[in-house]
Amino acid sequence: GEFTMGTTEVEFEMLAALISNADEHALVRHEMPSHRVRLERPFWIGQTEVTIAQFRKFVDDSGYVTEAEKSSGYGVVDGQWELRPGFHWKNTGEQSLTDKHPVSNLSWNDATAFCEWLSQRETKQHGRLMTYRLPTEAEWEFACRAGTDSLWPFGTDPALLTEHAVTSSNSNNRHSPAMSKKENPLGLFDMLGNESEWCSDWFAPYGSTTNVLINPTGPRPTEPRQGQTGSMDRVQRGGSFGFQPHRQRSA
């Protein structure tokens, strides 16, 4: 499929009414300029965010210990999220967890390790090569848009977001079990909100181009570091439960 990736100038002007903070304007600028992308290979993608039950199978089988378990993670203390030792995917403080909740407190390395384990397990079970991996940023956006070219897969009215996403206005500052809200046109849940998703790409601002990008995989780590903090970071997409509507868009 071919689609327009990123935020257009027209969309940026539409968003200006939702965003009053100059720093937030700068964040949206990272989604620009918009550009055409063509994905030439079909791919499968998970219908939901990886759940605690799914991740537990990985840990029980492999004995894996996440990076948050080795250092610090996020949990709720007196109603507020705090970073401290002892918080990890099995313990988020006052945030109650069920097997159906998306697994949280995972680093990019943790997510990649899960994919590698699943690849090995499925290959052994099916007797043929099965490869699971994080999606590229372009694949994620293509799946999120689901054939749409609007700000959100459901259109341009931010008031409808609460029907489709766990967001700042309906989350009580907590994430929810997977599939709590409506799916997108491809039948995918929580692409927006709840927990953000890791992508395989390194982060860098989009370069200006008039060419159609074919199967883009993002910048190489050997390229000059261009991250907002002066270092290269991996891409996260979709926004989480505490984000406002302008941070929970397809772009």
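Visitor: Which residues of helix H5 are called buried in this model?

Guide: In this predicted model, the buried residues of H5 are Trp-108, Asp-110, Ala-111, Thr-112, Ala-113, Phe-114, Cys-115, Trp-117, Leu-118, Ser-119 and Glu-122. The word is used because the relative accessible area of a buried residue is under 20%. These buried residues of H5 pack against helix H3 (52-62), helix H4 (67-70), S5 and S7.

Visitor: What makes the reach of H5 close to the expected one?

Guide: Helix H5 covers residues 108-126, 19 residues in total, and its first and last C-alpha atoms are 27 Å apart. The expected span is 1.5 Å times one less than the number of residues, which for H5 gives 27 Å, so the reach is close to what is expected. Just after this helix, Gly-127 takes a positive phi of about 70°.

Visitor: Why is Thr-51 called buried?

Guide: Thr-51 has a relative accessibility of 10%, and the cut-off for buried is under 20%, so Thr-51 counts as buried. Its place is in the loop between S2 and H3. Leaving aside residues up to four places away in sequence, Thr-51 touches Asp-99, Lys-100, His-101, Pro-102, Val-103 and Ala-178.

Visitor: What makes helix H6 mostly covered?

Guide: Helix H6 spans residues 137-145, and eight of its nine residues are buried, namely Glu-137, Ala-138, Glu-139, Trp-140, Glu-141, Ala-143, Cys-144 and Arg-145. The cover over these buried residues includes strand S1 (2-5), strand S2 (35-38), strand S5 (197-202) and strand S7 (234-237). H6 lies across S1 and S2, and runs at about 100° to S1. Just after H6, Ala-146 takes a positive phi of about 55°.

Visitor: In what order do the three strands of the open sheet stand, and which of them are edge strands?

Guide: The order is S1-S2-S6, and the pairing in this open sheet is mixed. S1 and strand S6 (213-214) are the edge strands, since each pairs on one side only.

Conventions:
Residues are numbered from 1 along each chain as its sequence is written. This is a predicted model: local features need pLDDT of at least 70, side-chain atom pairs count only at pLDDT 80 or more; totals for chains, interfaces and linings use all residues. Side-chain values use heavy atoms; hydrogens and water are left out. Buried means under 20% relative accessible area, exposed over 50%, partly exposed in between (1.4 Å probe, protein chains only). Helices (H or I, at least four residues) and strands (E, at least two) are DSSP runs, numbered from the N terminus. Contact means heavy atoms within 4.5 Å. Two strands pair if DSSP finds at least two bridges between them. Axes are lines fitted to C-alpha atoms, for helices over the stretch in contact, and angles run from 0 to 180 degrees between N-to-C directions.
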